[in-house]
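Let's take a look at the charged side-chain pairs in this one.

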Amino acid sequence: MYCIIPKNVKAQSAINRKIIQAIESGEFLDLLYGLNPDLEHLSLWGTEPTLNMPVFIKTNFFDKLLERFPKLANFNLSTNLVRN
């Protein structure tokens, strides 16, 4: 399935702000848990996840992900390495 979102800077910036807020508040992990509390595989696709790497680091996202999902065996990022 292809993600259909408006392809303009204003719309994409608004979506990115919502994603950042969900990560910072913990809502993102809550939503994942609600979908599958026994999550074993997680892949982030669709944008350039490395652009938000400072948010992941600042919020200890990866530590919290592993705490929340002890069965998690694989985590993948789809990236074109647009950032160092």
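Before any labels get handed out: buried means under 20% relative accessible area, exposed means over 50%, and partly exposed is what lies in between. Keep in mind that this is a predicted model.

D30 sits in helix α2 (residues 27-35) and R68 in helix α4 (residues 61-68), so the pair links distant parts of the chain, 38 residues apart. D30 is partly exposed too, with a relative accessible area of 42%.

How many salt bridges does the structure hold? There are three, and here they are side by side:

| Pair | N to O distance |
|---|---|
| K58 and E24 | 2.9 Å |
| D38 and K71 | 3.5 Å |

Now for K58 and E24. K58 belongs to helix α3 (residues 53-58) and E24 to helix α1 (residues 9-25), so their bridge ties together parts that are 34 residues apart in sequence. Is K58 buried or exposed? K58 counts as exposed, because its relative accessibility is 58%. E24 comes out as partly exposed at 37% relative accessible area.

That leaves D38 and K71, whose side chains also meet in a salt bridge. This pair connects two loops: D38 is in the one between α2 and β1 (41-44), while K71 is in the one between α4 and β2 (74-77). They are 33 residues apart, and the link again joins distant parts of the chain. D38 has a relative accessible area of 42%, so D38 is partly exposed.

Note on methods
Residues numbered from 1 in each chain as written. Predicted model: local features only at pLDDT ≥ 70, side-chain atom pairs only at ≥ 80, totals over all residues. Heavy atoms only, no water. Salt bridge = Lys/Arg side-chain N within 4 Å of Asp/Glu carboxyl O. Helix = DSSP H or I, 4+ residues; strand = E, 2+ residues; numbered from the N terminus. Buried < 20%, exposed > 50% of the residue type's maximum accessible area, 1.4 Å probe, protein only.
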